[in-house]
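Good morning, colleagues. Please take a moment to look at the sequence and the model on the screen before I go through selected local features.

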Amino acid sequence: GYDKPTVAILEGYSIYTEKPCELSRLLKANQIIIEHRFFAKSRPDSIPWSFLTTKQAAADQHKIIQALKKFYREKWISTGISKGGQATIYHRFYYPKDVDVSIPYVAPLNFSDEDERVYTFLKNVGTEECRKKIYDFQVSLFENKDKLMPLVEEYASKRNFSFSMGIDRAFDLSVLEYSFAFWQWCGSCENIPGKDASVEEMFNHYLSVNPITFFEDKDVEYNRPFFYQAMTEIGMYGYDIEPFKEYLKDTSNIKFEFTLPEGVQVSFDTSAMRKVDRWLKNEADNMLYIYGQNDAWSATAVEPSENTNAVKMVNPGGCHGTRIKSFPTEMQDSIYHVLENWLGIEIQREIGGGGMPSDNLFEVL
């Protein structure tokens with residue numbers, strides 16, 4: 001409707017669904033979805049990697065939004081989840097007047113291709129007891145590797161997985177990834193197998209939390225544009241090998257250079273996100289940041305300042321699947337109140353809340 005607000009979903013990857021998002025439902029709004037350049041149907045046969053920058057992706061989004069604003073002249077809201085949340089932030093940085101309000105969900109703001117704030121977060125999140133269970137399970141995976149590998153190989157063979165790095169290396173990396181994935185996706189400490197667990201129990205839990213597919217060739221290829229951006233501009237985490245040195249041949253922390261396109265040399269530009277951070281702290285009004293308290297990506301969450309009217313909402317105990325409807329009722333009301341003030345729109349409250357949303361739950365980032 002021409003008399004309705006418009007929600008622009010800025011994807012960080014491909015368009016994964018055409019269903020209305022929770023904001024479109026809440027605001028009874030029009031919705032457009034913009035796929036990120038170089039993903040899925042927006043991926044050319046040969047990617048010109050030098051054209052994969054946050055500025056150029058924002059220019060794509062800007063052109064589409066400006067074209068449609070000629071017809072849809074009510075309030076505009078940009079939003080995105082995870083890497084899409086990052087895209088929402090970058091677009092607003094480059095084109096601050098394109099939309100009236102921006103709502104990035106669970107969007108990290110990294111300052112390095114190995115942002116060490118993630119290490120600090122993983123050492124402090126949750127309870128000491130739970131963190132010890134996670135570490136002990138990772139050690140058990142390494143110590144039982146010989147028994148686990150036949151199950152891993154059978155699992156991979158049945159699904160025609162391939163690992164250019166070797167399945168042995170992929171297993172090691174997936175064990176290191178376990179703690180990050182556990183907190184990212186609201187892992188249950190009660191479900192972590194103890195030291196007396198069978199190999200099958202260990203294997204099944206390992207798969208349920210952190211499938212080895214993250215390092216499988218087809219997955220890496222599909223996500224390579226993300227990894228390229230991570231290693232050049234938008235940042236990433238790495239793997240702290242210190243607690244597991246006796247099980248690895250590595251002598252330094254592991255970063256994600258192995259995901260880069262063959263023959264492409266890159267260096268990380270730390271100034272890009274520093275500029276974004278300064279803008280967010282000093283000029284970025286009408287920005288509502290949504291985070292989950294226990295999400296590993298919240299380690300590098302945006303920290304707005306009092307120089308703007310921006311609001312950061314953190315869902316207690318929430319993880320990467322956090323949406324507005326995941327918050328306790330009173331916190332949902334606070335979010336609605338902020339949006340009503342900014343948009344001049346009365347929001348009809350959705351019945352229920354506090355549950356885990358199903359949309360986009362397993363996006364990579």
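Which residues point one way from strand 5, and which the other way? L288, I290 and G292 point one way, Y289 and Y291 point the other way, and all are buried. Before I continue, two remarks on conventions. This is a predicted model, in which local features need pLDDT of at least 70 and side-chain atom pairs count only at pLDDT 80 or more, while totals for chains, interfaces and linings use all residues. Residues are numbered from 1 along each chain as its sequence is written, and side-chain values use heavy atoms, with hydrogens and water left out.

Buried means under 20% relative accessible area, exposed means over 50%, and partly exposed lies in between, with a 1.4 Å probe and protein chains only. Helices (H or I, at least four residues) and strands (E, at least two) are DSSP runs, numbered from the N terminus.

I return to strand 5. Strand 5 pairs with strand 6 in the parallel sense over 5 bridges; two strands pair if DSSP finds at least two bridges between them. One of these contacts can be named: the bridge partner of Y291 in strand 6 is V314.

Strand 6, residues 311–315, also holds K312. K312 counts as partly exposed because its relative accessibility is 26%. The C-alpha atoms of K312 and E114 are separated by 24 Å, and the two residues are 198 apart along the chain.

Next, strand 4. Is this strand, residues 101–105, mostly covered or mostly open? It is mostly covered, since 5 of its 5 residues are buried. From strand 4, V101, I103 and Y105 point one way, S102 and P104 point the other way, and all are buried. Its pairing is with strand 3, residues 76–81, in the parallel sense over 5 bridges. Within that pairing, S78 has S102 of strand 4 as its bridge partner.

I now turn to charged contacts. How many salt bridges does the structure hold? There are 15, where a salt bridge is a side-chain nitrogen of Lys or Arg within 4 Å of a carboxyl oxygen of Asp or Glu.

In one of them, the side chains of K158 and E154 meet at 3.4 Å, N to O. Both residues belong to helix 6, residues 145–158, and they are 4 residues apart, about one turn of the helix. K158 is exposed, with a relative accessible area of 61%, whereas E154 is partly exposed at 41%.

A further salt bridge joins the side chains of R169 and D250 at 2.9 Å, N to O. This pair links distant parts of the chain: R169 is in helix 7 (residues 167–184), D250 is in the loop between helix 10 (224–234) and helix 11, and they are 81 residues apart. R169 counts as partly exposed, at 26% relative accessibility.

Then there is the pair E257 and K255, whose side chains meet at 4.0 Å, N to O. E257 counts as partly exposed at 42% relative accessibility, and K255 is partly exposed with a relative accessible area of 23%.

Let me come to two backbone entries. Where does F38 lie? F38 lies in the loop between strand 2 (30–34) and helix 2 (54–69). Its phi is near 75°, a positive value in a residue other than glycine. F38 is buried, with a relative accessible area of 7%. A40 is found in the loop between strand 2 and helix 2 as well. Phi of A40 is near 50°, again a positive value in a residue other than glycine, and A40 counts as partly exposed at 38% relative accessibility.

Finally, the surface. Which residues form the positive surface patch? K55, R274, K275 and R278 form it. Patches are made of residues with over 30% relative accessible area and no salt bridge, with like charges joined within 9 Å and nonpolar side chains (Val, Leu, Ile, Met, Phe, Trp, Tyr) within 5 Å. Lys and Arg count as positive and Asp and Glu as negative, while His and the chain ends are not counted. Helix 11, residues 270–282, gives the most to the positive patch, with 3 residues. R278 lies in this helix.

Thank you for your attention.

Conventions
Areas by Shrake-Rupley, 256 points an atom, 1.4 Å probe, with all protein chains shown as cover. Charge placed at Lys NZ, Arg CZ, Asp CG, Glu CD.
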